Amino acid sequence: MAGDITETLQQQVQRAAAEGTALDIQGGGSKRFLGHAAMGSALPVRNHRGVIDYDPSELVLTARAGTPLAEIENTLAQNAQMLPFEPPHFGPDATLGGTIACGLSGPRRPYAGSARDFVLGCKMLNGTGELLNFGGRVMKNVAGYDVPRLMTGAHGTLGLLLEISLKVLPRPPASLTLIQECSAEAAIARMSHLLSQPVPVDGACYHAGHCYLRVSGSALAVKHAHEVVGGEVVERPDHFWQQLREHQLPFFSTANCIYRVLVKPATPPLPLAGNWLLDWGGAQRWLVSEEPLARIRACVSAAGGHVTRFRGAPDGGEIFQPLGAPMLALHQRLKASFDPHCILNPGRMYANL
């Protein structure tokens with residue numbers, strides 16, 4: 001079948017397992033800045049591509065991992081549907097496999113769900129080259145590991161994704177973005193309050209002294225939300241949310257190192273010097289700061305959150321939030337179970353995995 005190179009990929013993984021050779025799984029390369037530098041022989045997946053099954057009436061799409069993300073979104077748009085978790089591309093060559101492997105979600109995540117919430121099933125190769133199928137086309141899994149969810153955000157360290165089945169949703173018929181000038185404290189209070197209100201918010205961001213709120217739904221619901229929420233209407237709203245999602249706002253382009261901070265939405269502004277941008281209604285916060293990483297981690301940890309050095313890692317060390325002993329042991333057992341020879345993207349997330 002055109003676009004299906006399962007057999008070739010399986011042979012490469014089996015050969016690497018037999019020789020103990022590390023493999024660097026490569027999709028479109030749009031997210032190679034994430035995590036530690038890749039090690040091992042290249043294992044390109046971008047030619048394993050194509051939409052296998054798509055039934056708009058069932059709201060389910062299945063495609064190969066190398067399928068361009070833009071192709072997926074264009075296919076859905078033709079039927080007024082979308083990927084609900086609004087994934088960032090970070091480049092024109094982004095693939096479906098890389099999107100799910102990195103587990104990233106865009107501004108709609110707190111209101112619709114994360115990438116992990118919409119993965120119904122997957123076909124994959126484990127670290128010995130064994131072909132495995134998990135999940136299916138319905139929101140249900142049986143006993144054992146919920147493997148499709150485990151693969152989401154594992155950065156290819158547990159297996160090579162071959163096919164992915166996703167739940168999709170209709171695109172809202174109407175949408176409006178409202179802007180209001182305010183302080184960070186006021187924006188956090190406002191965004192947190194709206195999380196518990198019957199208002200169809202599906203995007204909330206604080207940037208450069210302004211709170212941006214996106215409301216989507218029926219035309220009547222959007223009109224009512226405007227009356228309740230208030231604020232000025234933003235022209236070309238899709239452009240702003242796309243720039244936010246793709247890190248194309250000036251905030252991102254001027255920084256050598258950007259920290260991703262995850263906290264509870266209502267958490268007050270943290271006492272860390274630097275520039276902040278708040279997304280996900282205050283739950284995901286981007287920080288550009290000269291503060292030592294140890295102080296940043298300590299401050300965020302005290303607030304009940306965690307930190308990732310999302311872009312730039314000039315001083316070495318861990319990029320993702322360090323794992324405690326119990327969680328590290330769990331990760332090590334998972335790695336041993338799925339990739340016993342430790343050949344799949346070794347060290348990409350943590351040096352000892």
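Which residues are buried in helix α7? Before I answer, a word on what we are looking at: this is a predicted model, in which local features need pLDDT of at least 70, side-chain atom pairs count only at pLDDT 80 or more, and totals for chains, interfaces and linings use all residues. Residues are numbered from 1 along each chain as its sequence is written, and side-chain values use heavy atoms, with hydrogens and water left out.

Let me start with α7, then, which spans residues 219–229 and in which V222, A225 and V229 are buried. These three cover an arc of only 60° around the axis, which puts them on the same side of α7. Buried here means under 20% relative accessible area, exposed means over 50%, and partly exposed is anything in between, with a 1.4 Å probe and protein chains only. The arc is taken from the directions that lead from the helix axis to the C-beta atoms, while helices (H or I, at least four residues) and strands (E, at least two) are DSSP runs, numbered from the N terminus. On the face of α7 turned away from its buried side we find the exposed residues A219, L220, K223 and E227. The cover over the buried residues of α7 includes β10 (174–181), α6 (184–194) and β12 (210–217), where contact means heavy atoms within 4.5 Å. After α7 comes G230, whose phi is positive, near 75°.

Helix α8, residues 237–245, can be described in the same terms, and its buried residues are F240, W241, L244 and R245. Seen down the axis of α8, they fall within an arc of 130°, so they line one face of the helix. What covers them includes β10, β11, β12, α9 (250–253) and β15 (275–279). Just after α8, H247 takes a positive phi of about 55°.

I turn now to the strands. Strand β1 pairs with β2 (residues 41–44) in the parallel sense over 4 bridges, and two strands count as paired if DSSP finds at least two bridges between them. Within that pairing, Q26 stands opposite P44 in β2.

There is also an open sheet of 5 strands, with the order β3-β4-β8-β6-β7 and antiparallel pairing. Its edge strands are β3 and β7 (131–135), each of which pairs on one side only, and the twist averages 10° from one strand to the next. Between β3 and β4 (residues 60–64) the antiparallel pairing runs over 4 bridges, and D53 has T62 in β4 as its bridge partner. Helix α1 (residues 6–19) lies across β6 (119–125), β7 and β8 (160–167), running at about 135° to β8; axes are lines fitted to C-alpha atoms, for helices over the stretch in contact, and angles run from 0 to 180 degrees between N-to-C directions.

My last topic is charge. How many salt bridges does the structure hold? There are 12, a salt bridge being a side-chain nitrogen of Lys or Arg within 4 Å of a carboxyl oxygen of Asp or Glu. One of them joins E71 to R49, with the closest N and O atoms 3.8 Å apart. E71 lies in helix α2 (residues 69–77) and R49 in the loop between β2 and β3 (51–55), so the pair ties together parts that are 22 residues apart in sequence. E71 counts as partly exposed at 31% relative accessibility, and R49 likewise counts as partly exposed at 36%.

Another salt bridge is formed by the side chains of R214 and E86, at 2.9 Å from N to O. This pair links distant parts of the chain, with R214 in strand β12 and E86 in the loop between β5 (81–82) and α3 (96–102), 128 residues apart. R214 counts as buried at 5% relative accessibility, and E86 counts as buried at 10%. The side chains of D202 and R214 also meet in a salt bridge, at 2.9 Å from N to O. D202 lies in strand β11 (residues 201–207) and R214 in strand β12, so this pair ties together parts that are 12 residues apart in sequence. D202 is buried, with a relative accessible area of 8%. Salt bridges that share partners join E86, R108, D202 and R214 into one network.
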